[in-house]
Amino acid sequence: MDSYTNARIEQWQLALSKVNDRLQSMPPYRSSGRVVRATGMVLEVVGIQLPVGSACKIELPRGYEETPHYAEAEVVGFAGERSFLMPLNEIQGLTPGARVFPLQEAGKQEGRRFPVGRSLLGRVVDGNGRPLDDKGPITEAQFAPLSGGSINPLNRAPIETPIDVGIRAINALLTVGQGQRMGLFAGSGVGKSVLLGMMARFTQADVIVVGLIGERGREVQDFIDNILGADGLKRAVVVAAPADTSPLQRLQGASYATRVAEDFRDQGLNVLLIMDSLTRYAMAQREIALAIGEPPATKGYPPSVFARLPALVERAGNGMKGGGSITAFYTVLTEGDDQQDPIADSARAILDGHIVLSRALSESGHYPAIDIEASISRVMTAVVPESQVKQAQRFKKYFSVYQRNRDLISVGAYSPGHDPMLDDAVKHYPHLEAFLQQGHTESANHADSCDALTAVIGEAS
């Protein structure tokens, strides 16, 4: 044989060797199931048994395409031989008997892995870690499972250091500690998103992770361009799962944002996690639980909702001693400004403090509309000097005394000289009110906030 024929034979042998290697790496069989029922958001599948949380792909009709295309779904429950799946996105063209395949090989169900690490800085991604911006694919990213490892509570570093959030009223009167988890309670349209944007721009943190869960799509673009800004985005990661995505995507988006923050904390960095909102996360879990038949318990919320909330929140906080931290702010939407909403009540119990925004203050032009009487930081006494704690208590006392007597003062029924505390409150109330107000472009660091508090209390003493 000539050299040309030998070369051709060698090429064929090499090609056959590659095919053989691929065949050897394939599993001996491929398990699959079939869709037998589709009701609302839930698909019932038989013929395949997978653990809850496993990822699957559903074969859809080919149409005019030569190869079939697939839709991703996740196992959310089971009953007997039937598995309940929920698609990650809306499915078009699903037919009875559609085949369902696990994404991993049998016996190797490790779950999906998501991009984490510094390559995400400055990027906007969805709940799957896929880019939503026009900056191209995410390269050089590390991948990790959605659930991070739990930390022994006895090994967590204590909250001992105050963190500067750039807002005078919070720095001085509701001081937040590094690693604290705070709730921002507000109705719609009271200014919580702008307040979160101020924290994102002004807070002294190495990395900012923003989870926009269940919000309007317009608000995502507005938050990135007008509230966070280009400078804030450089050190931030934005995970967006808007209201038009599936409840599974919203649930996953919140967990993914927390996982990204955990990865930065494990690198020894101090992270600011902003989650807007915890209520939408709970509503997504309610939709899933009701769809698979879990009975409602408290005002339409199934028990699994109240089990998932602390599981998510407890992942934030300080890491191991000497490591990084996650300081978290979770917004809680109080429908109709009802502070006794079951989600608000549950969140208040599991968080390390709460900041309440008042609609009355917002409508009167008082910004930020923080209701200082209804707000509290549970770790303030551990991170600031005793003198600041006493000044904050005196400030609140003056403010509260004035508010309780506001109607008498307004109608002219107040006469000085009968109550020294009320006299001081009336005399210096304009200073108290001015202290609590701050423009959305104005930054007040922790030292200046404490100095301003001392000046106000000194005038009122």
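Predicted model: local features only at pLDDT ≥ 70, side-chain atom pairs only at ≥ 80, totals over all residues.

**Notes on the model**

1. I begin with strand β16, which covers residues 353-356: G353 and I355 point to one side of the strand, H354 and V356 point to the other, and all of them are buried.

2. The neighbours of β16 run in both senses. Strand β10, residues 181-186, pairs with β16 in the parallel sense over three bridges, and within that pairing F185 has V356 of β16 as its bridge partner. Strand β17, residues 376-377, pairs with β16 in the antiparallel sense over two bridges, where G353 stands opposite S377. As background, strands of a sheet pair through backbone hydrogen bonds, either parallel or antiparallel.

3. For the overall layout, the chain has 461 residues, of which 49% are buried, and its secondary structure comes to 14 helices and 17 strands. The C-alpha atoms fill a box of roughly 115 × 55 × 45 Å when this is taken along the principal axes. The domain assignment divides the chain into domain 1 (33-102), domain 2 (113-384) and domain 3 (388-457), and the centres of domain 1 and domain 3, taken over C-alpha atoms, are separated by 60 Å.

4. Which strands make up the closed barrel, and in what order do they run? The barrel has six strands in the order β1-β2-β5-β4-β3-β6, with antiparallel pairing, and the twist from one strand to the next averages 45 degrees.

5. Strand β4 (69-79) deserves a careful look within that barrel, where β5 and β3 stand on either side of β4 in the strand order. Strand β3, residues 55-60, is joined to β4 by six bridges, and the two run antiparallel; along this pairing E59 stands opposite Y70, while K57 stands opposite E72. Strand β5, residues 82-87, likewise pairs with β4 in the antiparallel sense over six bridges, and here E74 has M86 of β5 as its bridge partner. The strands β4 and β5 form a hairpin with two residues between them, and G80 in the turn has a positive phi of about 65 degrees.

6. The largest pocket has a volume of about 770 Å³. The elements β4 (69-79), α5 (247-266), α6 (278-291) and α7 (303-313) each supply at least two residues of the lining, with α7 giving the most, namely five. By class, the lining has 16 nonpolar, ten polar and six charged residues.

7. Where does the second largest pocket have its centre, in terms of the nearest lining residues? This pocket, with a volume of about 390 Å³, is lined by 22 residues, and those nearest its centre are K192, S193, E215, R216 and E219. The elements that give two or more residues to this lining are α3 (192-202) and α4 (217-234), and α4 gives the most, with six residues. The lining of the second largest pocket consists, by class, of eight nonpolar, six polar and eight charged residues.

Methods: Residues numbered from 1 in each chain as written. Heavy atoms only, no water. 1 Å grid on protein atoms, 1.4 Å probe; cavity = no way out; pocket = protein on both sides within 12 Å on 5 of 7 lines; lining within 4 Å. Points joined across faces, edges and corners; volume = space filled by probe spheres on them. Helix = DSSP H or I, 4+ residues; strand = E, 2+ residues; numbered from the N terminus. Nonpolar A, V, L, I, M, F, W, Y, C, P; charged D, E, K, R; others polar. Domains from an automatic or database assignment. Pairing = 2+ DSSP bridges. Axes fitted to C-alpha atoms, helices over the stretch in contact; angles between N-to-C directions. Buried < 20%, exposed > 50% of the residue type's maximum accessible area, 1.4 Å probe, protein only.
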